[in-house]
Amino acid sequence: MANMKDRGTIKWTSIMMPEHIEMLKEVWKEDERIEKPVIDEQQMEENSFALQRSMANDLTVKVKYHNGFNFSYASIKVIDMNPSTKKVRGTDPKSKEVLTLLFEDISEVTIL
């Protein structure tokens, strides 16, 4: 009996209602959530400097930001930085899509 493999919830899915299966999938997805890290002051200054340099020199930057669930990456050209609302607006050079990010969600900025 020690060698018996447990199939986990797979063995129960045949008797579960579709709504229950959907709820279980949502719970499992929540387990994969990545918490937004606390960015130290030095990293925030570096990010701010890179974004300002990008805006002044019309450079493209790669931004790593927290989207509420995990991290996303975007290449943007910075259009506007608003210190009062703490938002950064930029456009994707390929698709011309406008992206607005909160400065506190940005964890890393790399000038390309």
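Two strands are taken to pair if DSSP finds at least two bridges between them. In this predicted model, strand β3, residues 87-91, meets that condition with β4, since the two pair in the antiparallel sense over five bridges. One of the residues involved is Lys87, whose bridge partner in β4 is Leu102.

This pairing belongs to a wider arrangement. The strands form an open sheet of five, in the order β4-β3-β2-β1-β5, with antiparallel pairing. At its edges stand β4 (98-102) and β5 (106-111), each of which pairs on one side only. From one strand to the next, the twist averages 45 degrees.

A helix accompanies the sheet. Helix α2, formed by residues 41-57, lies across β1 (60-66), β2 (71-82), β3 and β5, and runs at about 45 degrees to β5.

Attention may now turn to the nonpolar residues. The largest nonpolar core comprises 13 residues, and those with the most contacts inside it are Leu51, Val61, Val63 and Ile106. Two or more residues of this core come from each of the elements α2, β1, β2 and β5. Val61 illustrates the surroundings of one such residue: leaving aside neighbours within four places in sequence, Val61 is in contact with residues including Ala50, Leu51 and Ser54.

The aromatic rings remain to be considered. With ring centres required to lie within 6.5 Å for a pair, the count of aromatic pairs comes to zero. A charged side chain does, however, sit over a ring: Lys64 lies over the face of Phe71, at 4.6 Å from the ring centre.

Terms used. Residues are numbered from 1 along each chain as its sequence is written. This is a predicted model: local features need pLDDT of at least 70, side-chain atom pairs count only at pLDDT 80 or more; totals for chains, interfaces and linings use all residues. Side-chain values use heavy atoms; hydrogens and water are left out. Helices (H or I, at least four residues) and strands (E, at least two) are DSSP runs, numbered from the N terminus. Axes are lines fitted to C-alpha atoms, for helices over the stretch in contact, and angles run from 0 to 180 degrees between N-to-C directions. Contact means heavy atoms within 4.5 Å. Rings of Phe, Tyr and Trp (its six-membered ring) pair if their centres lie within 6.5 Å; planes under 30 degrees apart count as stacked, over 60 as edge-to-face and the rest as tilted. A charge sits over a ring if NZ of Lys or CZ of Arg is within 6 Å of the ring centre and within 35 degrees of the ring normal. A nonpolar core is a set of buried Ala, Val, Leu, Ile, Met, Phe, Trp, Tyr and Cys residues joined through side-chain atoms within 4.5 Å. Buried means under 20% relative accessible area, exposed over 50%, partly exposed in between (1.4 Å probe, protein chains only).
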